[in-house]
Amino acid sequence: MRGMYAAGILDCFIQRNMYWNNTYGVSAGSCHALSYISRQFDRARRVNVNHVKKARYSGPLCLLRHGTYFGFDYIFRTIPATDCVD
């Protein structure tokens, strides 16, 4: 959730139509950068707020089932396929 500050800054850039040729990010910053470069205003906040408490998003269940704390298939396949991000 610490990356949400960066997501807010990137949304401000989108609102002001401020884009750069190069964008860099690490961890959550990379995910938020994807929303920025694809010009999907407020997507990072909506995804985190709407899904962060779901067991398929992150937590011990993901760790046991997939060997990673985050459910990357859920985050990068299920959410984009089912959520409206316009």
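Guide: Let's start with a rule: the rings of Phe, Tyr and Trp (its six-membered ring) form a pair if their centres lie within 6.5 Å, with planes under 30 degrees apart called stacked, over 60 edge-to-face and the rest tilted.

Visitor: How many aromatic pairs does that rule give here?

Guide: The count is 7 aromatic pairs. Before we look at them, note that this is a predicted model, in which local features need pLDDT of at least 70 and side-chain atom pairs pLDDT 80 or more, while totals for chains, interfaces and linings use all residues. Residues are numbered from 1 along each chain as its sequence is written, and side-chain values use heavy atoms, leaving out hydrogens and water.

Visitor: How do I read a single pair?

Guide: A pair of aromatic rings is described by the distance of the centres and the angle of the planes. Take Tyr57 and Phe70: their ring centres are 6.4 Å apart and their planes stand at 85°, so this pair is edge-to-face.

Visitor: Which parts of the chain does the pair of Tyr57 and Phe70 tie together?

Guide: We first need the elements: helices (H or I, at least four residues) and strands (E, at least two) are DSSP runs, numbered from the N terminus. Tyr57 belongs to the loop between H3 and H4 and Phe70 to the loop between H4 and H5, so the pair ties together parts 13 residues apart in sequence. For accessibility, buried means under 20% relative accessible area, exposed over 50% and partly exposed in between, with a 1.4 Å probe and protein chains only. Tyr57 is buried at 7% relative accessibility, whereas Phe70 is partly exposed at 35%.

Visitor: What kind of pair do Phe72 and Phe76 make?

Guide: Their ring centres are 6.1 Å apart and their planes at 10°, so Phe72 and Phe76 are stacked. An α-helix has 3.6 residues a turn, so residues three or four places apart point the same way. Phe72, at 43% relative accessibility, is partly exposed, and Phe76 is partly exposed at 42%. Together with Tyr57, Tyr69 and Phe70, these two form one aromatic cluster.

Visitor: Which residue places a charge over a ring?

Guide: A charge sits over a ring if NZ of Lys or CZ of Arg is within 6 Å of the ring centre and within 35 degrees of the ring normal. Here Arg39 lies over the face of Tyr19, 3.6 Å from the ring centre. Arg39 is in the loop between H2 and H3, and its phi is near 60°, a positive value in a residue other than glycine. Asp42 is found in the loop between H2 and H3, with phi near 70°, and it is buried at 17% relative accessible area.

Visitor: How do I read the pockets?

Guide: Rolling a probe the size of a water molecule over the atoms shows where empty space is left. On a 1 Å grid over the protein atoms alone, a pocket is an open set of points where a 1.4 Å probe fits, with protein on both sides within 12 Å along at least five of seven lines; lining residues have an atom within 4 Å of a point. Grid points are joined across faces, edges and corners, and a volume is the space filled by probe spheres set on the points. The largest pocket holds about 640 Å³. Its lining has 25 residues, with Ala28, Cys31, His32, Asn48 and Tyr57 nearest the centre. H2 (28-37), H3 (43-51) and H5 (72-82) each supply at least two lining residues, and H2 gives the largest share, 5 residues.

Visitor: And what is the volume of the second largest pocket?

Guide: About 160 Å³. It is lined by 13 residues, of which Arg56, His66, Gly71, Asp73 and Tyr74 are closest to the centre. Helix H4 (60-66) and H5 are the elements giving two or more residues to this lining.

Visitor: What covers the buried residues of H3?

Guide: In H3, Arg43, Ala44, Arg46, Val47, Asn48 and His51 are buried. Counting a contact as heavy atoms within 4.5 Å, their cover includes helix H1 (4-15), H2 and H5.

Visitor: How many helices and strands does the whole chain have?

Guide: The chain has 5 helices and 0 strands, in the pattern α-α-α-α-α. Of its 86 residues, 29% count as buried. The C-alpha atoms fill a box of roughly 40 × 25 × 20 Å along the principal axes.
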